[in-house]
Amino acid sequence: MSADACGACPAHLQMAKMGVKVEDCDHVIALAGNPNTGKSSIFNALTGLRQHVGNWAGKTVTRAEGAFSFGGDRYKLVDLPGTYSLLSSSQDEEISRNFLLFGQPDCTVVVVDATALERNLNLVLQVLEITDKVVVCVNLMDEAERKGLEVDVRSLARDLGVPAVPTVARSKIGLAELVSSVASVVSGETATAPRRVAPSPAVQSAIESLVPLLREAVPGLPSERWVALRLLDGDERVRQALVSGELAGLASHQRQPAPLRSSRITAIAGAQ
Ligand SMILES: Nc1nc2c(ncn2[C@@H]2O[C@H](COP(=O)(O)OP(=O)(O)O)[C@@H](O)[C@H]2O)c(=O)[nH]1
Ligand SMILES: [Mg+2]
């Protein structure tokens, strides 16, 4: 991999940074991942913005939004706070989880640390439970190489059922390929088949009874299956959100007409 070779490829030539111009984007892309995996580095490289990049936790406290164009389409990119899991209830994790559930991104890029794949895959598997439209970005490939680790990105993609792209975000290596994979998942050109843990028959039948009830209680709720699983798992935070109407509020918020959503998004981008 070299940055120069990438700069000359056709995919790279079609790409342009659009800064905070997130209005009227055709697609929404979420950037999720553990802290310090290079999410903000990727966000900055693609949008031309300057999200704080650093090697300590808790900087991206709220989500940052920016835009880029690729192949004639405009993409809004949302840099989510670093999160190890979607199951706990720290503020950062809740921002990420709510966006993945209710922001309904057209594709979620999960950025993982190539030197700590096992730990990072926990979040990937959780995201795959929520959505089919995922690309795994295997970042810090230079660090993996330095440590003598061989990362078989192809096998990883095959095992996970979604594309996986090796990158070195700090040197902008692999980012054109990443965007190209994202575009292909968004358009449906690349069909994904996410690996999911098959529930036991008892759990499956419990999910099937809960889902229609959830649909009735919270019209427009995306990922009902995931919410049902959380309830069956005794997730107190999700139960409270359901009982208090918070879940319904988040779901209905998503159903607002697009122009309203755009102006809100512009305001958020302006405040960054
Ligand atoms: N060696 C190396 N460092 C990287 C790479 N990507 C990001 N970094 C560095 O890793 C640190 C964390 O990056 P950041 O983008 O803030 O990660 P985030 O917490 O996921 O947003 C920063 O010091 C980056 O410069 C990479 O591919 N290779
Ligand atoms: Mg960050």
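## Ground rules

Since this is a predicted model, local features need pLDDT of at least 70 and side-chain atom pairs count only at pLDDT 80 or more, while totals for chains, interfaces and linings use all residues. Residues are numbered from 1 along each chain as its sequence is written, chains are lettered from A and ligands numbered from 1 in the order in which they are written, and side-chain values use heavy atoms, with hydrogens and water left out.

## The chain as a whole

The secondary structure comes to 13 helices and seven strands. Both kinds of element are DSSP runs numbered from the N terminus: helices are H or I with at least four residues, strands are E with at least two. The chain has 272 residues, and 48% of them are buried. Here buried means under 20% relative accessible area, exposed means over 50%, and partly exposed is in between, using a 1.4 Å probe and protein chains only.

As for surface, the chain exposes about 13,000 Å², with carbon and sulfur atoms supplying 52% of it. Those areas come from the Shrake-Rupley method with a 1.4 Å probe; for residues, only the protein chains shown count as cover. Now for contacts, meaning heavy atoms within 4.5 Å. Of those between residues at least 6 apart in sequence, 71% join residues at least 24 apart.

Strand S5 covers residues 107–113, and seven of the seven are buried, so the strand is largely enclosed by the rest of the structure. In a regular strand the side chains alternate between the two faces of the sheet. Both faces of S5 are covered: Cys107, Val109, Val111 and Asp113 are buried on one side, and Thr108, Val110 and Val112 are buried on the other.

Who sits beside S5? Two strands pair if DSSP finds at least two bridges between them. S5 runs parallel to S2, with five bridges joining the two, and Ile29 has Cys107 as its bridge partner in S5. S5 also runs parallel to strand S6 (residues 134–139), this time through six bridges.

Strand S4 (residues 73–79) is mostly covered, with five of its seven residues buried. S4 runs parallel to strand S2 (residues 27–33), and five bridges join them. Ile29 turns up again here, standing opposite Leu77 in S4.

Strand S3 (residues 64–70) pairs with S4 in the antiparallel sense over seven bridges. S3 and S4 form a hairpin with two residues between them, and Gly71 in the turn has a positive phi of about 55°.

## Around ligand 1

Ligand 1 is surrounded by 17 residues, the closest being Asn36, Lys39, Ser40, Ser41 and Asp142. A residue is near the ligand if one of its heavy atoms lies within 4 Å of it. The shell splits into five nonpolar, seven polar and five charged residues. In that count Ala, Val, Leu, Ile, Met, Phe, Trp, Tyr, Cys and Pro are nonpolar, Asp, Glu, Lys and Arg are charged, and the others, Gly among them, are polar. Helix H3 (39–47) and helix H6 (141–146) each supply at least two shell residues, and the largest share, three residues, comes from H3.

Backbone atoms approach the ligand's oxygens too. A polar backbone atom of Asn36 is 2.8 Å from an oxygen atom of ligand 1, and a backbone N or O atom of Thr37 lies 3.1 Å from one. For Leu140, a polar backbone atom is 3.4 Å from a ligand oxygen. Taken alone ligand 1 exposes 580 Å², and the protein buries 91% of that.

## Two residues up close

Ser85 lies in the loop between S4 and helix H4 (91–102). With 13% relative accessibility, Ser85 counts as buried. Its side chain reaches the backbone nitrogen of Leu87 at 2.8 Å. Leaving aside neighbours within four places in sequence, Ser85 is in contact with Glu93, Leu123 and Gln126.

Glu246 is found in helix H12 (residues 246–253) and is partly exposed, at 31% relative accessible area. Not counting residues up to four places away in sequence, Glu246 touches Glu94, Arg237 and Ala241. The side chains of Glu246 and Arg237 are joined by a polar contact of 3.0 Å. A polar contact is a pair of N or O atoms within 3.5 Å; within protein, one must be able to donate a hydrogen and the other to accept it, and residues adjacent in sequence count only if both atoms are side-chain atoms.
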